[in-house]
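Okay, everyone, thanks for coming.

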Amino acid sequence: MNDLPQTESRNPKTASLDELGTAELVAILAREQSDAVAAVVAVTDRLAIAVDEIAMRLSSGARLHYVGAGSSGRLGFLDASEMPPTFGTDPTLVCAHIAGGRDALTHAIEGAEDDGDAGEREMREHVKSGDAVVGLSASGGAPFVVRAIEVAREIGAWTLGVANNPGTPLGGAADLSIVLQTGAEPLTGSTRLKAGTSQKILLNALSTATMVRLEKVYDNLMVDVVASNRKLRKRALRLVMELAPADEPEAARLLDAAGRRVKVAIVMGRRSVTVGEALTLLESHGGSLRRALT
């Protein structure tokens, strides 16, 4: 079976997994995850290309789409769902598509990843020329994802294929291919483990770096955070206190006047301007807090 993809191969380091003591069992499962970090670090040059391509398109009004099946599809939904609260984005800016539809987020949908026609329909219904589409498939061969990327590219979107095996149909279908070399899984074929972890790390880096390029971050601070719960309201208050700068009562006043918009409150405090003037300053600098403050 030498022709098996690495994600389906046996891992000699985890032989006799079922015979290990619990401490040794959990230790080896945890240690194996280090391969996921190394796999992403090894492709940062290509990932940087993807970030610049995606940021350029989003800054022009296009959207970012994630397409996946199974664990990969769920990871796409997770990353997309975290963009609005973290970076204050419109919920439609980053969206996700999974083989089998939303029911597949919580249940395995038999045969969904093999339905290439469904992948085509999903793209034709949602993707426009100029968008960016990221296809995620550990095997690199899920027909739903491969066909989706082929069609997205045909429509005029820029496409990225992310797989955990080299020389895959997904890599060949996309404008840019990234291979995450995580090797054989500790539990043979269970790509929710190392392959899934590597894809989560890649998506974290890709979306965060893209939002930094879109100027939704000041220094290493989430200045576009949506203060939708107690923890985030406290974070917003601390941001205004630090960057306005202001004491706590004044920071609270600025935030209230700014409609809880952190960047607006900071500009008001730092530049001693009204809400309207702060908004104008931010808009004239493309939403960039750094440039609005200089």
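This is a predicted model: local features need pLDDT of at least 70, side-chain atom pairs count only at pLDDT 80 or more; totals for chains, interfaces and linings use all residues.

Where does the lining come from? Helix α4, residues 70–81, strand β2 and helix α6 each put in at least two residues. The largest share is from β2, with 5 residues. If you sort that lining by class, you get 11 nonpolar, 6 polar and 3 charged residues.

Now the second largest pocket, with a volume of about 240 Å³. Here 19 residues form the lining, and closest to the centre you'll find Glu113, Ser137, Ala138, Ser139 and Thr191. Our friend α4 turns up again, and along with β3 and α9, which is 194–213, each gives at least two residues. Which element gives the most to this lining? That's α4, with 4 residues. By class, this lining has 7 nonpolar, 10 polar and 2 charged residues.

Next up, helix α7. This one runs from residue 143 to 155, so to speak, 13 residues in a row, and spans 18 Å from first C-alpha to last, close to the 18 Å expected at 1.5 Å a residue. Which of its residues are buried? Phe144, Val145, Val146, Ala148, Ile149, Val151 and Ala152. A handy thing to remember when you read a list like that: an α-helix has 3.6 residues a turn, so residues three or four places apart point the same way. And what do those buried residues of α7 pack against? Quite a list: the strands β1 (64–68), β2 (94–98), β3 (132–137) and β4 (158–163), plus the helices α6 (116–126) and α8 (169–173).

One last stop, another glycine. Gly286 sits in the loop between α13 (275–284) and α14 (289–292). Buried or exposed? Gly286 counts as exposed, because its relative accessibility is 55% and the cut-off for exposed is over 50%. From Gly286 to Lys200 you'd count 86 residues along the sequence, and in space their C-alphas are 29 Å apart.

That's my tour, so over to you for questions.

Notes. Residues are numbered from 1 along each chain as its sequence is written. Side-chain values use heavy atoms; hydrogens and water are left out. The expected span of a helix is 1.5 Å times one less than its number of residues. Buried means under 20% relative accessible area, exposed over 50%, partly exposed in between (1.4 Å probe, protein chains only). Contact means heavy atoms within 4.5 Å. Ala, Val, Leu, Ile, Met, Phe, Trp, Tyr, Cys and Pro count as nonpolar, Asp, Glu, Lys and Arg as charged, and the others, Gly among them, as polar. On a 1 Å grid over the protein atoms alone, a cavity is a set of points where a 1.4 Å probe fits but cannot get out, and a pocket is an open set with protein on both sides within 12 Å along at least five of seven lines; lining residues have an atom within 4 Å of a point. Grid points are joined across faces, edges and corners, and a volume is the space filled by probe spheres set on the points.
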